[in-house]
Amino acid sequence: MINETSEIVAKPENKALVSAALKILARRDYPRSEFISKLLSADYAKADVEAAADWCHTQGFLNETRFAESTCRRLGAKYGTQRVAHVLRQKGVAEEQVNAAISTLRESEQDRAVALWTRKFGNIAASANEKSRQIRYLQSRGFSFAIIKMVITGLNNDVANG
């Protein structure tokens, strides 16, 4: 039975698996769980897929930290820290990597919220309905209420008010 296992590892099918894995990773970075599910959906054996994922990780092709950082850069301009962290958690990124990746986003969250608010609205709300609309918009983008309150009341909005 051990010989059968070693024969399976030596079969060209595993070379096809490695080739498929590298082809997937050549397009963009993936978290480990999404990478494994992509290969499993191509009808490869779970043990072989796990081994391929381990090999890709040791070779540096599969890197969740790099995936988390690139996702933060990509989504950070449009969304708040909470939303970006939620997306990373949904993709199966480990909590410590999520926290490390979003630490830089936290520092610039107010500036990003002001820039987004200025692009969308530009003026402090004149009515309660408009204020509610602005709050809902920024909340849907994943900004904290403390940041939203500063933005919509005009605190530190020199760009929007100037």
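The model is predicted.

Lys131 belongs to helix H9, which covers residues 128–140. Leaving aside neighbours within four places in sequence, Lys131 is in contact with Ala125 and Ile152. Ile152 lies 21 residues from Lys131 in sequence. In space, the C-alpha atoms of Lys131 and Ile152 are 7.3 Å apart.

## The chain as a whole

What secondary structure does the protein chain have? It has 11 helices and 0 strands. Read along the sequence, the pattern is α-α-α-α-α-α-α-α-α-α-α.

The protein chain has 162 residues, and 38% of them count as buried. The chain exposes about 9700 Å². Carbon and sulfur atoms supply 53% of that area. Contacts also reach along the sequence. Among those between residues at least 6 apart, 57% join residues at least 24 apart.

## Helix H4

Helix H4 runs over residues 46–59. Its 14 residues, at 1.5 Å a residue, should span 20 Å.

Which residues of H4 are buried? They are Asp48, Val49, Ala52, Ala53 and Cys56. These residues cover an arc of only 140 degrees around the axis, and therefore sit on the same side of H4. On the other side of H4, Ala47 and Thr58 are exposed. Just after H4 comes Gly60, with a positive phi of about 90 degrees.

## Cysteines and disulfides

Is Cys56 buried or exposed? Its relative accessibility is 0%, so Cys56 counts as buried. Cys56 is also one of the buried residues of H4. Cys72 has a relative accessible area of 5%, and therefore Cys72 is buried. Both values fall under the 20% cut-off for buried.

A disulfide is a covalent bond between the sulfur atoms of two cysteines. To count here, a pair of cysteine sulfur atoms must be within 2.5 Å. How many disulfides does this rule give? The count comes to 0.

How values were computed
Residues numbered from 1 in each chain as written. Predicted model: local features only at pLDDT ≥ 70, side-chain atom pairs only at ≥ 80, totals over all residues. Heavy atoms only, no water. Helix = DSSP H or I, 4+ residues; strand = E, 2+ residues; numbered from the N terminus. Contact = heavy atoms within 4.5 Å. Buried < 20%, exposed > 50% of the residue type's maximum accessible area, 1.4 Å probe, protein only. Areas by Shrake-Rupley, 256 points an atom, 1.4 Å probe, with all protein chains shown as cover. Expected span 1.5 Å × (residues − 1). Arc of directions from axis to C-beta.
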